[in-house]
Amino acid sequence: MKSLFDTEALSDTRNRLNNLSESSEKQWGKMTAGQMLHHCQGPFNIMLEKVDYGLKPNFLAKLFFKKMFYNDTPYRKNLPTAKFLKEADPRDFNTEKQKLNELLDEFESQRNREEWKAHPGFGYFTKQQWGQMQYKHLDHHFRQFGV
């Protein structure tokens, strides 16, 4: 499984983000490209401890869903979105793209960090699992928009 902590995977992800445009056509789902970029910031905000979404530990979710975040199986199309990450408001594409790029910069600046705070809903992830989870989520949405 690729991880954003791997230099090649991060570089590939940045290239895909740069190739995304406001006119990129979605292959599935309801979000616009700007909404998707805003949505993709959520997992980074959690990992980097920037936003408290009010998530609470959920034993059943942890038991049944945690491993899906960092395994090799791609997310399926039209997978339901967690309520706190749903995005219905219009979003400016360029602003959201810049914000996601800035989060990628911050993520990269912490690549040598070994200890990470527990995910508020799913508990502890290893550094490698955090990197895999971030890669997998972005890959899913970049495929959604054909990049």
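This is a predicted model: local features need pLDDT of at least 70, side-chain atom pairs count only at pLDDT 80 or more; totals for chains, interfaces and linings use all residues.
User: How many residues of H5 are buried?

Analyst: Buried means under 20% relative accessible area, exposed means over 50%, and partly exposed is in between (1.4 Å probe, protein chains only). In H5, 16 of the 18 residues are buried, so the rest of the structure largely encloses this helix. Just past the end of H5 comes Gly146, with a positive phi of about 75°.

User: And helix H2: what does it span, and what is expected?

Analyst: H2 covers residues 33-47, 15 residues in total, and reaches 23 Å from its first C-alpha to its last, close to the expected 21 Å. H2 is mostly covered too, with 14 of its 15 residues buried. After H2 you'll find Glu49, whose phi is positive, near 60°.

User: On to the rings. How many aromatic pairs are there?

Analyst: Rings of Phe, Tyr and Trp (its six-membered ring) pair if their centres lie within 6.5 Å; planes under 30 degrees apart are stacked, over 60 edge-to-face, and the rest tilted. By that rule, the count is 7 aromatic pairs. One of them is Phe5 with Phe107, stacked at 4.6 Å centre to centre and 25° between the planes. Phe5 sits in the segment before helix H1 (7-19) while Phe107 is in helix H4 (residues 93-109), so this contact ties together parts 102 residues apart in sequence. Both Phe5 and Phe107 are buried.

User: How are the rings of Phe5 and Trp116 placed?

Analyst: Their centres are 6.1 Å apart and their planes at 50°, so that pair counts as tilted. It links distant parts of the chain, as Trp116 lies in the loop between H4 and helix H5 (127-144), 111 residues from Phe5. Put together, Phe5, Phe44, Phe107 and Trp116 make one aromatic cluster.

User: Which side chains lie over the faces of Trp116 and Phe5?

Analyst: A charge sits over a ring if NZ of Lys or CZ of Arg is within 6 Å of the ring centre and within 35 degrees of the ring normal. Over the face of Trp116 you get Arg113, 3.9 Å from the ring centre. Over the face of Phe5 it's Lys127, at 5.0 Å from the ring centre.

User: How many salt bridges does the structure hold?

Analyst: Side chains of opposite charge can pair when their charged atoms come close. The cut-off for a salt bridge is a side-chain nitrogen of Lys or Arg within 4 Å of a carboxyl oxygen of Asp or Glu. The structure has 11 of them. Among them is Arg14 with Asp105, at 2.8 Å from N to O. Arg14 belongs to helix H1 and Asp105 to helix H4, so the bridge ties together parts 91 residues apart in sequence. Arg14 counts as buried at 17% relative accessibility, whereas Asp105 is partly exposed at 41%.

User: Where do Arg143 and Asp139 lie?

Analyst: Both lie in helix H5, 4 residues apart, which is about one turn of the helix. Arg143 is partly exposed, at 30% relative accessible area, but Asp139 is buried at 17%. The pair is also part of a salt-bridge network that links Asp12, Arg16, Asp139 and Arg143.

User: What about Glu87: which residue does it bridge to?

Analyst: Glu87 forms a salt bridge with Arg91, with 3.0 Å between the closest N and O atoms. Glu87 is buried at 14% relative accessibility, and Arg91 is partly exposed at 27%.

Methods:
Residues are numbered from 1 along each chain as its sequence is written. Side-chain values use heavy atoms; hydrogens and water are left out. Helices (H or I, at least four residues) and strands (E, at least two) are DSSP runs, numbered from the N terminus. The expected span of a helix is 1.5 Å times one less than its number of residues.
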